[in-house]
Amino acid sequence: MEPLLNVKIPGVKKKYSGKVRDLYTVDKEHLLIVSTDRISAFDHIFPNGIPGKGIILNKISNLWFKNIKAIKNHIVEDNFSNFPKPFSDYPELLKDRAVIVRKAKRIDFECIARGYLIGTGWKDYRETGAVCGIRLPEGLKLAEKLAAPLFTPATKEDAGHDINVPVDVMRAKVGDELAYRLGEITLRIYEYARDLLDQQGIILADTKLEFGFADNEIILIDEVLTPDSSRFWDKTVYQAGTSPVSYDKQYIRDYLETTTWDKNSPPPPLPDDIVLRTQEKYREIISRIDAIFSR
Ligand SMILES: Nc1ncnc2c1ncn2[C@@H]1O[C@H](COP(=O)(O)OP(=O)(O)OP(=O)(O)O)[C@@H](O)[C@H]1O
Ligand SMILES: [Mg+2]
């Protein structure tokens, strides 16, 4: 199977091309979002993709969207058979990998919940003893479980890396009430998914959510609890102080750390075995998430 890297729908202008998803305008209030097989790491898109990844991401998000009751979400139609023309003419591009959503005015913060100390959280802790200005006890280890999950927002940067910021920075930008509300919903969704995944032998270490406004209400947008936006660890071998076995993009990041790529120049293609292992990891996590909701 060839990876789907570029989606061109004849006669329809692309509205936006993200690192992984492409957006098309359906009408004034709706967008079509296609999940491609592109993969990014350290904010760079790789020249080769992971075949079938977009289909897996789309299905995982849709399962969570259907089951998360804490807040409304952007999904309007996730069944290709009900797509309008001209989109319905392109099953080979869109079937199982596209959704029609409410167009939202995005709130420009990534809403991150962290239950464990890893990634940029771990990096910040080692440098400052705090994560997003939240001081933590001394002596915590890599991947250690936090006493309680933290809400740690990050700014969405148009260029370059997103930046972790104290909640106060978010408050100053969006107001106290909205910042509080988003923090609360983010943690509620994290805890809901964490408990369900735990029963499948998966630790949800952290996750990133995005929210937006549609008709003056806050809705959950983008993707939800996927291996691109979350860290899923194997509970049976987890041990604080060691780098966890994961079912997500971490495999790619770890591989890249062993190469000479400088994370600034255009990235080299991923070798076949890395592509295959990543594909296996994404398949493993979708089967566990599927199991949660097919009981
Ligand atoms: N309902 C929605 N309304 C408007 N924008 C949305 C909606 N859902 C998702 N988006 C936006 O669509 C884009 C999805 O593409 P993708 O995730 O590939 O982008 P990205 O590389 O993460 O880039 P960005 O930094 O812009 O988020 C994101 O910019 C996301 O914020
Ligand atoms: Mg994104």
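Predicted model: local features only at pLDDT ≥ 70, side-chain atom pairs only at ≥ 80, totals over all residues.
## About the model

Local features rest on pLDDT of at least 70 and side-chain atom pairs on pLDDT 80 or more, while totals for chains, interfaces and linings use all residues. Residues are numbered from 1 along each chain as its sequence is written, and chains are lettered from A and ligands numbered from 1 in the order in which they are written.

## Two domains

The protein divides into domain 1 (14-103) and domain 2 (106-256), with bounds from an automatic or database domain assignment. Their centres, taken over C-alpha atoms, are 22 Å apart. Domain 1 brings 18 residues to the contact and domain 2 brings 20; here contact means C-beta atoms, placed from the backbone, within 7 Å.

On the domain 1 side, helix α1 (residues 53-67) gives the largest share, five residues. Helices (H or I, at least four residues) and strands (E, at least two) are DSSP runs, numbered from the N terminus.

## Around ligand 1

Ligand 1 has 18 residues around it, and Gly18, Lys19, Arg21, His74 and Ile221 come nearest. A residue counts as near if its C-beta atom, placed from the backbone, lies within 6 Å.

## A five-stranded sheet

Now to the sheet: five strands form an open, antiparallel arrangement in the order β1-β2-β3-β7-β6, where pairing takes at least two DSSP bridges. β1 (14-17) and β6 (75-77) are at the edges with a single partner strand each, so one side of each has no neighbour in the sheet.

Five bridges join the antiparallel strands β3 and β7, and His30 stands opposite Arg102 in β7.

Definitions and conventions. Contact = placed C-beta atoms within 7 Å.
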